[in-house]
Amino acid sequence: MFEEAQQQLPYQFREPALLEEALTHRSHEKSSVADKQNERLEFLGDAVLGLIVSEYLAETFPALAEGDLSQIRARLVGRVTLADAARRLSLGRMLRLGRGEERTKGRDKASLLANALEAVIGAVYMDGGMTAARTFTLQVLETQLKELHQDDLAAFRQDYKSQLQEWCQQHVHALPVYTVIEESGPDHQKTFEVTVAIAQQCRGSGQGRSKKIAEQQAAKQALEQLRPVTDAG
């Protein structure tokens, strides 16, 4: 398992025991003082991640106000973003879990995956220092960081997509599905129309000059429709 993890991750550990610790959840039956679980590395990784993302945003967007930078950072270090990055690395299947977590599909739980990625970041920091941790972190978050340059930053700060995903996980245990139903305009000035469905029922639509912006608008509309229902209940 750990050999596979070493091959999958964009970092080679000098001390493989750190990677083993990072991938061992506290539910694992053999977790003990001798056989460490990943909470201490998760604690360290959370701090390292926050510093790396803060430094990146301050250097990349020097004109943005502190409040805007804080909102963007909150999304980048949030559970949904980290869980998505962990899934791209296939961290879920590499984790050592207890039988209870296995039964409840812990390998795909957003909170567990996000914590595991933070633990791996902490392990990279312990193994190779801040330079290695920075390179690793920016690489695994590359997809989200590209969106900062390609999309409307206002839409990114609001992040209705993550809010809708959180709502769905809490209330319906199903992820929203986005579909592009129309593209119009010339290549250099396209407009996209997107719908979002939850449990196979269309809940919102949106338009934008990129698919990401259109998806954010669709998610916003869905939240406006769904939240009053649950609040009333």
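Visitor: Let me start with arginine 40: what is its relative accessible area?

Guide: Arginine 40 comes out at 41%, so it counts as partly exposed. Keep in mind that this is a predicted model, where local features need pLDDT of at least 70 and side-chain atom pairs count only at pLDDT 80 or more, while totals for chains, interfaces and linings use all residues. Residues are numbered from 1 along each chain as its sequence is written, and side-chain values use heavy atoms, with hydrogens and water left out.

Visitor: Which residue forms a salt bridge with arginine 40?

Guide: A salt bridge here is a side-chain nitrogen of Lys or Arg within 4 Å of a carboxyl oxygen of Asp or Glu. For arginine 40 the partner is glutamate 21, and their closest N and O atoms are 2.5 Å apart. Glutamate 21 sits in helix α2 and arginine 40 in helix α3, so the pair ties together parts 19 residues apart in sequence. Glutamate 21 is buried, at 6% relative accessibility. By the way, helices (H or I, at least four residues) and strands (E, at least two) are DSSP runs, numbered from the N terminus.

Visitor: How many salt bridges does a search of the whole structure find?

Guide: The search turns up 9. One of them joins glutamate 20 and arginine 96, with 3.5 Å between the closest N and O atoms. Glutamate 20 belongs to helix α2 (residues 16-22), and arginine 96 to the loop between α5 (79-88) and α6 (99-103), so this pair links parts that are 76 residues apart in sequence. Glutamate 20 is partly exposed at 29%, whereas arginine 96 is buried at 14%. Another salt bridge pairs lysine 190 with glutamate 183, the closest N and O atoms being 3.7 Å apart. Lysine 190 is partly exposed at 22%, and glutamate 183 is partly exposed at 45%.

Visitor: Where is the kink in α7 centred?

Guide: On glycine 128, with a kink of about 135°. The bend at a residue is the angle between axes fitted to the seven residues ending there and the seven starting there. Now look at α10 (residues 160-171): its 12 residues reach 16 Å from first C-alpha to last, close to the 16 Å expected.

Visitor: Which residues in α10 are buried?

Guide: Tyr160, Lys161, Ser162, Leu164, Gln165, Trp167 and Cys168. After α10 comes histidine 173, whose phi is positive, near 55°.

Visitor: What should I make of a positive phi?

Guide: Most residues other than glycine have a negative phi. Histidine 173 has a positive one; this residue lies in the loop between α10 and β1 and counts as exposed at 68%. Serine 90 has a positive phi too, near 60°. Serine 90 is in the loop between α5 and α6, but it is buried, at 18%.

Visitor: In what order do the strands stand in the sheet?

Guide: Two strands pair if DSSP finds at least two bridges between them. Here 3 strands form an open sheet, β1-β2-β3, with antiparallel pairing. β1 (177-184) and β3 (201-208) are at the edges with a single partner strand each, so one side of each has no neighbour in the sheet. Strand β2 (residues 191-198) pairs with β3 over 7 bridges; alanine 197, for one, has cysteine 202 in β3 as its bridge partner.

Visitor: Which residues does threonine 195 touch?

Guide: Contact means heavy atoms within 4.5 Å. Leaving out residues up to four places away in sequence, threonine 195 touches Val177, Tyr178, Thr179, Ile181, Cys202, Gly204 and Ser205. Threonine 195 is in strand β2 and is buried, at 17%.

Technical notes. Buried means under 20% relative accessible area, exposed over 50%, partly exposed in between (1.4 Å probe, protein chains only). The expected span of a helix is 1.5 Å times one less than its number of residues.
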